[in-house]
Amino acid sequence: MTNIILLGPPGAGKGTQARRLVEERGMVQLSTGDMLREAKDSGTEMGNKVAEVMAKGQLVTDEIVIGLIEEKLAADGGAGFIFDGFPRTLGQADALGRLLARMGQKLDAVIEMQVDDEALVSRITGRYTCGDCGEVYHDETKPTKESGKCDVCGSSNLKRRADDNADSLRTRLMEYYKKTSPLIGYYYHAGELFQIDGLAEMNAVGDAISRVLDQQN
């Protein structure tokens, strides 16, 4: 079993690479947002806590998120877990490390997808998705074959994120670096950090991640 964290700024392609690892290696993606939404509707004791906090418009505590992760770790983890969107702080990183140790597991690699900010801005501002099936397109590198129509499902429900503009993206990048820089140092010091070129061609990025994982086994 291999457990990893994927780090990278908005638009670096973490979701794409996580889906590839799920499909090719049978790993389980643990997205904080997905776990919270699933728990809210589950009717379990932990789920009721989440629902109550979210109904009040409050932030879900680290303790609750760790509890949800523990439930997932206790279930069948397949070939391992991909932590997506967690940890975001040093306190969360410590808590995740303690949880893994308590459950007889460990973190094998923290993979940082490094990018050139201006190249990323260019990549993101041209991006749009199918609102029905989720397929991702780009004005320059991956336009739809037929204008205004999804190649996969045929839908014309193509959307762009309102915050996928240059000014908004630069603000999001600054926030990401402020929050993530301490984590980079934390995992570098622990000898768990691996850095790859996040702006390489999609398959090349996937191959680089695979080489890191293969080194851990």
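Student: How much space lies in the second largest pocket?

Tutor: About 220 Å³. Keep in mind that this is a predicted model.

Student: Which residues line the second largest pocket?

Tutor: The lining is made up of T32, L36, L59, V60, T61, D62, V65, G85, F86, R88 and Q92. Helix 2 (32–40) and helix 4 (62–74) are the elements that give two or more residues to it.

Student: What makes a residue such as G85 one of that lining?

Tutor: A lining residue has an atom within 4 Å of a pocket point, and G85 is on the list. By class, the lining has 5 nonpolar, 4 polar and 2 charged residues.

Student: Now the rings. Why is the pair of Y128 and Y137 called stacked?

Tutor: Two rings pair if their centres lie within 6.5 Å, and planes under 30 degrees apart count as stacked. Y128 and Y137 sit 5.7 Å centre to centre with 25° between the planes, so the pair passes on distance and on angle. Both Y128 and Y137 are buried. The structure holds 3 aromatic pairs, and this is one of them.

Student: What makes the pair of Y186 and Y187 edge-to-face?

Tutor: Here there is 85° between the planes, and the centres are 4.9 Å apart.

Student: Why does Y186 count as partly exposed, and why does Y187 count as buried?

Tutor: Buried means under 20% relative accessible area, exposed means over 50%, and partly exposed is in between. Y186 has 28%, so it counts as partly exposed. Y187 has 3%, so it counts as buried.

Student: And how do you know that T180 is buried?

Tutor: Same test: its relative accessible area is 8%, and the cut-off is under 20%, so T180 is buried. T180 lies in helix 7 (residues 166–189).

Student: What lies over the face of Y137?

Tutor: That's K142, at 5.4 Å from the ring centre. The distance limit is within 6 Å, so K142 meets it.

Methods: Residues are numbered from 1 along each chain as its sequence is written. This is a predicted model: local features need pLDDT of at least 70, side-chain atom pairs count only at pLDDT 80 or more; totals for chains, interfaces and linings use all residues. Side-chain values use heavy atoms; hydrogens and water are left out. On a 1 Å grid over the protein atoms alone, a cavity is a set of points where a 1.4 Å probe fits but cannot get out, and a pocket is an open set with protein on both sides within 12 Å along at least five of seven lines; lining residues have an atom within 4 Å of a point. Grid points are joined across faces, edges and corners, and a volume is the space filled by probe spheres set on the points. Helices (H or I, at least four residues) and strands (E, at least two) are DSSP runs, numbered from the N terminus. Ala, Val, Leu, Ile, Met, Phe, Trp, Tyr, Cys and Pro count as nonpolar, Asp, Glu, Lys and Arg as charged, and the others, Gly among them, as polar. Rings of Phe, Tyr and Trp (its six-membered ring) pair if their centres lie within 6.5 Å; planes under 30 degrees apart count as stacked, over 60 as edge-to-face and the rest as tilted. Buried means under 20% relative accessible area, exposed over 50%, partly exposed in between (1.4 Å probe, protein chains only). A charge sits over a ring if NZ of Lys or CZ of Arg is within 6 Å of the ring centre and within 35 degrees of the ring normal.
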